[in-house]
Amino acid sequence: MPVIDDVSKSKPLTMESAFYKIIMLFSVSAVLLLNLSCSDKDKPSDIDYYTFEVINSYPHDKEAFTQGLIFGNGFLYESTGGYGRSSLRKTELQTGNRLQIREISDDFFAEGLTLYGGRLIQLTWRRKTGFVYDVNSFEILQTFNYQNEGWGITCDSEHLIISDGSSRLRFLNPRTFEQESSIQVLDDVGPVPGLNELEYINGRIYANVYPSDLIAQINPETGRMTAWIDLTGLLTPDDIRDGADVLNGIAYDKKNGRIFVTGKLWPKLFEIKLVKQNK
Ligand SMILES: [Ca+2]
């Protein structure tokens, strides 16, 4: 499990954090390379490998330090992090225009976001405090507590599913917020650390692996990975030079089967199609 310091999350553009990200990126890349190189030739891995095709790109607020992203009711809802600049916001897909925003208290570093039962549920990083909002008014209806750090959150029909930056995902009762079970996410060579922003898509959990361009696709019943999704190359070198940080946002439009991705301080949000690669 990686130890993530305050600097790396709250001040993403410092030299120290850049060095940290390089180390983490190397570690995550090593996981993938080990996955490929350690596979027994007689027993090929059952983990698929996908790249992507861009279907559409849309404007994204490049001041938004994206920590959670969902699509619902025809709109994007986003949670942005950082002390003193955390928010909950609703935006229009086509234009990126911000339609509604609620600033979060300076004491909280907002993290993942999901929509369950018509209520928005937002985690915070180290305060172990979650907020439940009315999806229309953004009024806080309830707060709750959970164990460990709060990173990503999504839901299936029965549970909230949360990450804490480790290889473990926890399943919470959506009414009592009590933890009911957990899984450790595993690929061919062992646990997969750094699980961050989440999205539940067609019976699989998708998880950004921090701080990389990789998304892990996970069987929620076993924790076994079913695919790696490599989004390297989504941004141009100019975008990266202009301050875009790591990939960190996955949203799913269930009605139309569209997958959207973006990242921290990214100028664009993409609709992508997954492209399966031959093994
Ligand atoms: Ca999401």
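## Ground rules and overall make-up

Because the model is predicted, local features need pLDDT of at least 70 and side-chain atom pairs count only at pLDDT 80 or more, while totals for chains, interfaces and linings use all residues. Residues are numbered from 1 along each chain as its sequence is written.

The chain holds three helices and 22 strands; helices (H or I, at least four residues) and strands (E, at least two) are DSSP runs, numbered from the N terminus. Of its 279 residues, 42% count as buried. Here a residue is buried if 20 or more other C-beta atoms lie within 10 Å of its own, exposed if 12 or fewer, and partly exposed in between, with C-beta atoms placed from the backbone. Among contacts with a separation of 6 or more, 52% come from residues 24 or more positions apart. Two residues are in contact if their C-beta atoms, placed from the backbone, lie within 7 Å.

## The eight-stranded sheet

Let us begin with an open sheet of eight strands, whose order is β16-β17-β18-β19-β1-β22-β21-β20 and whose pairing is mixed. Its edge strands are β16 (195–201) and β20, each of which pairs on one side only. Neighbouring strands here are turned by 30° against each other on average, direction ignored; axes are lines fitted to C-alpha atoms, for helices over the stretch in contact, and angles run from 0 to 180 degrees between N-to-C directions. Strands are said to pair if DSSP finds at least two bridges between them.

Inside this order, strand β1 (residues 48–59) and strand β19 (residues 225–230) pair in the parallel sense over three bridges, and Asp48 stands opposite Ala227 in β19.

## The four-stranded sheet

A second open sheet has four strands in the order β10-β11-β12-β13, with antiparallel pairing. Since β10 (153–155) and β13 (179–184) stand at the edges with a single partner strand each, one side of each is left without a neighbour in the sheet. From one strand to the next, the twist averages 25°.

Strand β11 (residues 160–163) meets strand β12 (residues 168–172) through four bridges, with Leu160 opposite Leu172. On the β13 side, β12 pairs over five bridges, again in the antiparallel sense, and Leu172 has Gln179 as its bridge partner there. β12 and β13 also form a hairpin with six residues between them.

## Cores

Nonpolar side chains tend to be buried together in soluble globular proteins. A nonpolar core is a set of buried Ala, Val, Leu, Ile, Met, Phe, Trp, Tyr and Cys residues joined through C-beta atoms within 7 Å. The largest one in this model has 56 residues, and those with the most contacts inside it are Ile161, Ala207, Ile215 and Ala216. Ile161 touches residues including Ile153, Leu169, Phe171, Leu198 and Tyr200. Apart from that core lies another, of six residues, among them Ala64, Phe65, Leu235 and Trp266.

## Backbone details worth a look

| Residue | Phi | Location |
|---|---|---|
| Phe177 | about 65° | turn of the β12 and β13 hairpin |
| Leu265 | about 65° | loop between β21 and β22 (268–276) |

Asn148 counts as partly exposed because it has 15 C-beta neighbours inside 10 Å. Leu265, by contrast, is buried, with 22 other C-beta atoms within 10 Å.

A cis peptide bond joins Tyr210 and Pro211, with omega about -10°. Pro211 is found in the loop between β17 (204–209) and β18 (214–218).

Finally, Thr143 lies in strand β9 and counts as exposed, with 11 C-beta neighbours inside 10 Å. Leaving aside neighbours within four places in sequence, Thr143 is in contact with Thr129, Gly130 and Phe131. Thr143 and Phe177 are 34 residues apart in sequence and 10.0 Å apart in space, C-alpha to C-alpha.
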